[in-house]
Amino acid sequence: MATSAVSLEPAAHTEAHELSFLRKYIFSTDHKIIGIQFLLMSFVFLLFGGLMAMMMRWQLGFPDRPLPAGQLLPETMAPGGILLPEFYNSLVTMHGTIMVFFAIMPLLVGVFGNFLIPLKIGAPDMAFPRLNMASFWVAFSAGILMMAGFFVEGGHAAAGWTAYAPLSADPEWTGVSGGQQIWLLSIAILGLASIMGALNYITTVVNLRAPGMTWFRMPLSIWSLFITAILVLLAIPILSGAAIMLFFDQTIGTHFFDWTDGGQVILWQHLFWYFGHPEVYILILPAMGMVSDIIANGSRKPVFGYHSMVFALISIAFLGWVVWGHHMFQSGMNPTLGMTFMISTMIIAVPSAIKVFNWMGTMWRGNIRFHVPMLHAVGFVAMFVIGGLSGIFMASTPVDIYIHDTYFIVAHIHYVLFGGSLFAIFAAVTYWYPKMFGRMMNSTLGKIHFWLTFLFYNLTFFPMHDLGIAGHMRRIYDPSQYEFLQPLAPLNRFITVSALLLFTVQILFAVNFVMSWFNGKKAPENPWDANGLEWTVPSPPPHGNFAKVPTVYRGPYEYSSPLVEDDFLPQTRKLASDVDPAAAGL
Amino acid sequence: MSWILPPGASTFAGDIDFLYYVILVITGIAFVVVEVGLLVFAIKYRARPGRKAQYIQGSIKAEIIWTAVPAVTLVIIGLMSGGVWNHIKGRNSIPPNAIPYEVHVKQFEWNFTYRGPDGQLGTADDFTLRNQLHIPVNRPVELQLIAEDVIHSFFVPAFRVKQDAVPGMDINVWFEATEVGEYEIACAELCGLGHYRMRARVIVHSAEDYQQWLSDRSAAADEE
């Protein structure tokens with residue numbers, strides 16, 4: 001059995017001999033350790049991405065004041081502490097790149113895909129543990145390579161995280177050559193890691209579910225990670241392919257995107273957004289799934305409309321492939337296509353709306369426990385709504401003419417990726433922290449962190465809508481160049497101060513995270529009175545997870561069931577009326 | 001802070017601004033319903049000793065309502081938008097009486113080529129001005145955007161006009177100014193290190209002033 005890729009027998013793992021430190025914590029094949037590795041790596045990148053945002057905000061708020069501690073930066077980036085425009089463009093590019101590819105995506109998919117899937121479906125590990133380990137180390141290498149781009153001659157990539165050709169294709173236009181090539185290589189390598197991970201997740205969910213864990217007994221977190229893995233598997237190769245084509249244009253003289261020699265400039269945008277829109281859902285579906293778990297737990301109620309939640313996820317995954325053109329309404333693409341993409345975009349908003357109403361329905365008539373994860377989860381819903389609604393403005397092609405490429409879109413993406421994904425990540429980290437590390441996080445500190453983050457987050461990003469409505473373009477180094485933007489300088493300063501405070505209060509989270517690891521209260525098996533399989537094993541679970549294969553008798557959201565006295569009913573608890581899954585043909 | 005659009009000065013502003021405010025009202029209602037709902041539920045259904053949550057798994061009726069209402073609303077917004085979009089950017093939307101200009105765009109400048117006294121573009125009496133676009137009021141103009149290096153985007157906030165200029169593609173954009181005055185042209189697509197200062201002006205003249213300016217300008221060009 002030990003050699004079988006899809007072994008269901010936990011024995012093969014539990015009898016394992018003592019592993020060396022290196023095998024146990026560094027080159028580990030244990031999905032839980034790999035999840036934690038992804039967590040630590042992504043937090044470091046989150047910090048880098050945040051620092052880059054702070055530098056940009058400083059420049060926008062105080063264009064002629066030297067950056068505090070800016071003297072530490074080399075002359076090629078910020079002589080005398082004043083950022084150079086070319087370095088600002090690198091920051092624009094790298095803030096987006098790092099946050100999307102090396103922070104949010106690994107946090108959602110790398111961390112929770114790894115940590116949760118086997119535990120929540122009752123499997124001893126991933127289907128391919130060694131591939132899983134490889135996935136982390138490949139992603140890690142891509143991250144190192146990406147950061148190395150800052151130190152090459154000519155500076156880092158400066159064509160935006162979307163890398164539109166020909167700006168990205170020819171060093172003549174940006175003065176950047178090595179940086180852009182490193183960017184492309186790193187993205188292609190990271191893609192390899194994502195594909196390995198996605199294959200593993202799909203195989204694991206399909207093959208390693210415990211007896212009784214039918215598809216419609218799976219928690220929405222697992223549904224969302226499963227569907228996300230399918231999106232990753234289909235979308236990432238397109239990005240990798242496009243990145244390699246662009247790399248060849250740069251290095252060996254191909255002309256895929258070179259309009260002077262038979263290539264097509266706009267092809268890059270089609271390829272990038274054909275990947276890029278599914279990517280948007282890769283960055284939000286796992287957040288939606290985990291928030292569903294947490295809201296049900298906090299409300300002590302089943303998820304309202306579980307089946308329509310699953311169907312909403314599936315329809316988003318399908319529709320996500322036919323909306324990419326809404327990033328390109330003003331690109332010179334055939335305007336008739338604009339109509340098509342507008343309608344498909346309007347329609348994809350519907351399943352998102354369904355999800356929001358179902359979260360509200362879950363809280364309705366609940367008995368809500370506002371633990372820290374629940375606060376972040378409700379914060380997620382409140383903020384995601386704003387991101388969803390602001391999307392409708394851009395979906396309307398004529399309104400988009402005006403707000404495209406302005407701060408309105410910057411506000412929108414941050415309401416989805418920060419207000420949405422990152423609040424969900426805070427919810428998920430604080431929820432599963434006890435299971436990951438065997439310790440409880442400090443709840444008071446957690447609540448203070450939530451409220452301050454919620455406040456400064458909104459003070460930072462909500463006014464960006466107003467900048468956009470006033471016509472403020474994004475990705476500009478110095479807004480004071482334009483007369484019509486000069487009256488906005490006070491608002492820009494206000495946003496900068498809020499952003500600095502938002503960044504600063506994250507210290508509370510970092511302190512809580514680190515201190516609790518060493519000094520937190522020992523976590524019980526099931527600190528949140530939750531129903532999932534992961535709460536039936538010790539915190540942290542041993543290698544191999546389950547002492548014996550668990551049997552599942554019901555769905556994951558049987559909170560406040562009339563069948564039992566408690567307000568929760570674990571998936572594995574056998575009631576007198578329950579039949580053995582094998583006998584029931586499950 | 002303001003959700004009011006700045007004053008518009010073209011024939012597009014009326015339609016685009018109207019759609020914007022329609023969407024603002026609709027999303028505003030949805031925003032209030034959801035946020036107030038969350039707040040009320042959070043307070044009303046907070047855990048207290050002796051309470052138990054009601055075991056409710058869902059409601060088909062509710063699902064149908066909150067699927068259908070957003071779907072119908074969004075499709076209506078889509079259809080309303082469609083007409084305006086076709087009028088502004090549709091393939092055959094450019095009015096036949098539009099005055100044509102050639103715009104050669106490159107890092108980091110806009111070069112506007114005017115047809116000379118013969119009323120034809122592409123003839124010897126054409127002349128070109130850097131970063132200055134002179135147009136008459138209440139008369140459609142057509143810009144033929146020709147990008148020479150990378151992608152740029154022609155943006156006049158006051159006219160509610162934005163259109164990428166893409167190397168290798170012929171892209172025409174039109175508009176009709178309704179107020180005499182001076183307005184700023186911005187580049188809206190990241191185009192390199194000077195992107196932030198790729199600025200130009202559009203000067204809207206009354207019809208008579210425009211003719212006067214054009215003949216002065218052509219005379220000056222002849223002398224050069």
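Guide: Happy to, and we can go through the contact between the chains, a helix, and then some strands. Keep in mind that this is a predicted model.

Visitor: Good to know. How many residues of chain A are in contact with chain B?

Guide: On the chain A side there are 81 residues, and they are in contact with 76 residues of chain B.

Visitor: Which helix of chain A gives the largest share of that side?

Guide: That would be helix 12 of chain A, with 15 residues. Several other helices of chain A supply at least two residues each, including helix 4 (85–121), helix 9 (265–282) and helix 16 (443–469).

Visitor: And how do the residues on that side divide into nonpolar, polar and charged?

Guide: The side of chain A that touches chain B has 49 nonpolar residues, 21 polar ones and 11 charged ones.

Visitor: Switching topic: where does helix 15 of chain A bend?

Guide: The bend is at A:Y431, by about 40°, and the proline A:P434 follows within four residues. Helix 15 of chain A covers residues 407–437, and 29 of its 31 residues are buried.

Visitor: On to the strands, then. What is the strand order in the open sheet of chain B?

Guide: The five strands go 3-2-1-5-8, and their pairing is mixed. Strand 3 (127–130) and strand 8 (171–175) of chain B are the edges, each pairing on one side only. On average, neighbouring strands of this sheet are turned by 25° against each other, ignoring direction.

Visitor: How is strand 2 of chain B joined to strand 3 of chain B?

Guide: Through four bridges, with the two strands running antiparallel.

Visitor: What about strand 7 of chain B, is it enclosed or open?

Guide: Largely enclosed by the rest of the structure, because five of its five residues (161–165) are buried. Both faces are covered, with B:V161, B:Q163 and B:A165 on one side and B:K162 and B:D164 on the other.

Visitor: Which strand is joined to strand 7 of chain B by five bridges?

Guide: Strand 6 of chain B (residues 152–156), and the two run antiparallel. B:V156 stands opposite B:V161 in strand 7 of chain B. Their hairpin has four residues between the strands, and B:R160 takes a positive phi near 55° in that hairpin.

Definitions and conventions
Residues numbered from 1 in each chain as written. Chains lettered and ligands numbered in written order. Predicted model: local features only at pLDDT ≥ 70, side-chain atom pairs only at ≥ 80, totals over all residues. Buried ≥ 20, exposed ≤ 12 C-beta atoms within 10 Å, placed from the backbone. Pairing = 2+ DSSP bridges. Bend = angle between axes of the 7 residues up to and from the residue. Contact = placed C-beta atoms within 7 Å. Nonpolar A, V, L, I, M, F, W, Y, C, P; charged D, E, K, R; others polar. Axes fitted to C-alpha atoms, helices over the stretch in contact; angles between N-to-C directions.
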